[in-house]
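Dear colleague,

I am handing over the structure below, together with its sequence, and would be glad if you could look through it alongside my notes. The notes follow directly after it.

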Amino acid sequence: MEISFVAGFGPITRDAGARAFWSAGGLGIPLDEPAPGYLTNDSLDGVKAFALWPLDQAAESTFGTSQWPDSRPVPQAWVEFDVASHEAVAEAAAELVGLGHELLREAHLEPWGQTTARLQSPEGLLVGISHTPWMHKASADDADDETGDDSAEAALSPGQTS
(Lines give C-alpha, C1' and ligand atoms only; values in the text may rest on other atoms or scores of the structure.)
Protein backbone atom coordinates (compact mmCIF):
# COMPACT_ATOMS: atom_id res chain seq x y z
CA MET A 1 0.00 0.00 0.00
CA GLU A 2 1.11 3.53 -0.61
CA ILE A 3 -0.06 6.13 1.89
CA SER A 4 -0.59 9.56 0.29
CA PHE A 5 -0.88 11.60 3.50
CA VAL A 6 -2.31 11.70 7.00
CA ALA A 7 -5.91 12.73 6.39
CA GLY A 8 -6.72 13.48 10.00
CA PHE A 9 -5.96 12.88 13.63
CA GLY A 10 -7.54 13.66 16.95
CA PRO A 11 -8.63 12.43 20.33
CA ILE A 12 -11.70 10.28 20.82
CA THR A 13 -13.62 12.00 23.58
CA ARG A 14 -15.95 10.65 26.23
CA ASP A 15 -16.43 13.92 28.10
CA ALA A 16 -17.81 16.98 26.29
CA GLY A 17 -16.08 19.16 28.87
CA ALA A 18 -12.67 17.98 27.65
CA ARG A 19 -12.95 20.29 24.64
CA ALA A 20 -11.65 23.18 26.74
CA PHE A 21 -8.17 21.61 26.83
CA TRP A 22 -7.99 21.68 23.03
CA SER A 23 -9.61 25.08 22.46
CA ALA A 24 -9.66 28.39 24.35
CA GLY A 25 -9.08 26.81 27.79
CA GLY A 26 -5.81 25.13 26.79
CA LEU A 27 -4.05 24.82 23.45
CA GLY A 28 -6.21 27.50 21.81
CA ILE A 29 -7.06 25.54 18.66
CA PRO A 30 -10.08 27.15 16.98
CA LEU A 31 -12.72 24.44 16.59
CA ASP A 32 -15.89 24.46 14.49
CA GLU A 33 -18.89 22.28 15.40
CA PRO A 34 -20.44 21.19 12.08
CA ALA A 35 -22.58 18.62 13.93
CA PRO A 36 -23.44 18.25 17.63
CA GLY A 37 -20.41 17.09 19.59
CA TYR A 38 -18.07 16.82 16.59
CA LEU A 39 -15.43 19.54 16.80
CA THR A 40 -13.00 20.06 13.95
CA ASN A 41 -10.31 22.29 12.52
CA ASP A 42 -9.46 21.59 8.90
CA SER A 43 -6.91 24.37 8.53
CA LEU A 44 -4.02 23.40 10.86
CA ASP A 45 -0.76 22.96 8.97
CA GLY A 46 0.68 19.45 9.00
CA VAL A 47 -2.59 17.51 8.89
CA LYS A 48 -5.62 17.76 6.63
CA ALA A 49 -8.06 17.65 9.58
CA PHE A 50 -7.82 17.67 13.37
CA ALA A 51 -11.05 16.69 15.11
CA LEU A 52 -12.41 15.65 18.49
CA TRP A 53 -14.52 12.59 17.71
CA PRO A 54 -16.99 11.48 20.40
CA LEU A 55 -16.67 7.80 21.27
CA ASP A 56 -20.34 7.10 20.53
CA GLN A 57 -19.91 8.52 17.00
CA ALA A 58 -16.71 6.51 16.43
CA ALA A 59 -18.55 3.36 17.55
CA GLU A 60 -21.49 4.12 15.28
CA SER A 61 -19.23 4.72 12.28
CA THR A 62 -17.22 1.55 12.95
CA PHE A 63 -19.73 -0.93 14.38
CA GLY A 64 -23.14 0.52 13.53
CA THR A 65 -24.05 1.07 17.18
CA SER A 66 -23.34 3.93 19.58
CA GLN A 67 -21.79 1.57 22.16
CA TRP A 68 -18.11 0.66 21.86
CA PRO A 69 -17.87 -3.15 22.25
CA ASP A 70 -16.62 -4.36 25.63
CA SER A 71 -14.46 -6.91 23.79
CA ARG A 72 -12.27 -4.16 22.22
CA PRO A 73 -9.93 -1.66 23.87
CA VAL A 74 -11.54 1.78 24.03
CA PRO A 75 -9.47 4.01 21.73
CA GLN A 76 -7.97 7.22 23.03
CA ALA A 77 -7.43 8.67 19.53
CA TRP A 78 -8.01 8.10 15.84
CA VAL A 79 -5.83 8.55 12.77
CA GLU A 80 -6.70 8.20 9.10
CA PHE A 81 -4.24 7.54 6.31
CA ASP A 82 -5.39 8.44 2.82
CA VAL A 83 -4.51 6.38 -0.25
CA ALA A 84 -4.69 7.35 -3.92
CA SER A 85 -8.12 5.97 -4.87
CA HIS A 86 -11.31 4.35 -3.64
CA GLU A 87 -10.04 1.02 -5.02
CA ALA A 88 -6.75 1.40 -3.15
CA VAL A 89 -8.66 1.33 0.17
CA ALA A 90 -9.92 -2.21 -0.52
CA GLU A 91 -6.46 -3.24 -1.73
CA ALA A 92 -4.82 -1.85 1.42
CA ALA A 93 -7.43 -3.55 3.61
CA ALA A 94 -6.78 -6.88 1.87
CA GLU A 95 -3.03 -6.38 2.34
CA LEU A 96 -3.50 -5.74 6.06
CA VAL A 97 -5.69 -8.84 6.44
CA GLY A 98 -3.04 -10.82 4.54
CA LEU A 99 -0.48 -9.67 7.11
CA GLY A 100 -2.69 -11.02 9.91
CA HIS A 101 -4.48 -7.85 11.01
CA GLU A 102 -8.19 -7.88 11.86
CA LEU A 103 -10.43 -5.31 10.20
CA LEU A 104 -13.15 -3.78 12.34
CA ARG A 105 -14.93 -2.58 9.20
CA GLU A 106 -14.33 -3.64 5.61
CA ALA A 107 -13.68 -1.05 2.91
CA HIS A 108 -16.96 0.68 2.04
CA LEU A 109 -18.19 3.85 0.40
CA GLU A 110 -19.69 6.30 2.88
CA PRO A 111 -22.77 8.36 1.89
CA TRP A 112 -20.63 11.54 1.84
CA GLY A 113 -18.24 10.13 -0.80
CA GLN A 114 -15.32 8.88 1.29
CA THR A 115 -14.21 5.25 1.19
CA THR A 116 -12.96 3.85 4.50
CA ALA A 117 -11.79 0.66 6.17
CA ARG A 118 -11.00 0.55 9.89
CA LEU A 119 -8.85 -1.48 12.24
CA GLN A 120 -7.32 -1.03 15.67
CA SER A 121 -3.58 -0.80 16.34
CA PRO A 122 -1.97 -2.96 19.04
CA GLU A 123 -2.02 0.15 21.28
CA GLY A 124 -5.76 0.56 20.76
CA LEU A 125 -5.60 3.50 18.32
CA LEU A 126 -8.55 3.55 15.88
CA VAL A 127 -6.92 3.50 12.44
CA GLY A 128 -8.64 4.31 9.17
CA ILE A 129 -7.42 3.65 5.66
CA SER A 130 -9.39 6.03 3.49
CA HIS A 131 -9.74 7.83 0.23
CA THR A 132 -11.09 11.34 0.66
CA PRO A 133 -11.56 12.81 -2.83
CA TRP A 134 -11.75 16.46 -1.76
CA MET A 135 -8.39 16.19 0.02
CA HIS A 136 -6.59 15.13 -3.17
CA LYS A 137 -5.56 17.51 -5.90
CA ALA A 138 -8.05 17.07 -8.76
CA SER A 139 -5.52 17.52 -11.57
CA ALA A 140 -2.37 19.38 -12.55
CA ASP A 141 -4.61 22.25 -13.74
CA ASP A 142 -6.05 22.52 -10.24
CA ALA A 143 -2.73 22.20 -8.40
CA ASP A 144 -3.61 25.08 -6.09
CA ASP A 145 -7.08 23.66 -5.33
CA GLU A 146 -6.82 20.79 -2.86
CA THR A 147 -10.54 20.43 -2.30
CA GLY A 148 -11.16 18.31 -5.40
CA ASP A 149 -14.83 17.40 -4.92
CA ASP A 150 -16.70 20.27 -3.26
CA SER A 151 -19.97 18.32 -3.15
CA ALA A 152 -18.34 15.51 -1.18
CA GLU A 153 -16.80 17.98 1.26
CA ALA A 154 -20.14 19.71 1.76
CA ALA A 155 -21.66 16.35 2.69
CA LEU A 156 -18.91 15.47 5.19
CA SER A 157 -20.45 13.50 8.00
CA PRO A 158 -19.71 14.01 11.69
CA GLY A 159 -16.98 11.73 12.86
CA GLN A 160 -15.27 11.77 9.52
CA THR A 161 -12.31 13.90 8.70
CA SER A 162 -12.08 12.49 5.74
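**What was found**

T62 counts as buried, because its relative accessibility of 3% falls under the 20% cut-off. Please keep in mind throughout that this is a predicted model. T62 belongs to helix α2, which covers residues 55-63, and, leaving aside residues up to four places away in sequence, T62 touches L104, R105, R118 and L126.

Helix α3, residues 86-98, can be checked for its length: with 1.5 Å a residue, its 13 residues should span 18 Å, and since the C-alpha atoms at its ends are 19 Å apart, the two values agree. Within α3, the residues A88, V89, A92, A93 and L96 are buried. They cover an arc of only 140° around the axis, and therefore lie on the same side of α3. The cover over these buried residues of α3 includes β5, β6 (103-109), β7 (115-120) and β8 (126-131), whereas the face turned away from the buried side carries E87, E91 and G98, which are exposed. After α3 comes G100, whose phi is positive, near 95°.

Turning to the aromatic rings, the count comes to four aromatic pairs. F21 counts as partly exposed because its relative accessibility is 47%, a value that lies between the limits of 20% and 50%. The pair of W53 and W78 is also edge-to-face, because the ring centres are 5.9 Å apart and the planes stand at 85°, which is over the 60 degrees required. This pair links distant parts of the chain, as W53 is in strand β4 (residues 49-54) and W78 is in strand β5 (residues 77-83), 25 residues apart. W53 is buried, with a relative accessible area of 1%, and W78 is likewise buried, with a relative accessible area of 1%. Ring pairs also join F21, W22 and F50 into a cluster.

Finally, there is a contact of another kind to look at, in which the charged end of K48 sits over the ring of F5, 4.7 Å from the centre of that ring.

Technical notes:
Residues numbered from 1 in each chain as written. Predicted model: local features only at pLDDT ≥ 70, side-chain atom pairs only at ≥ 80, totals over all residues. Heavy atoms only, no water. Phe/Tyr/Trp six-rings, centres within 6.5 Å; stacked < 30°, edge-to-face > 60°. Buried < 20%, exposed > 50% of the residue type's maximum accessible area, 1.4 Å probe, protein only. Helix = DSSP H or I, 4+ residues; strand = E, 2+ residues; numbered from the N terminus. Lys NZ or Arg CZ within 6 Å of the ring centre and 35° of its normal. Contact = heavy atoms within 4.5 Å. Expected span 1.5 Å × (residues − 1). Arc of directions from axis to C-beta.
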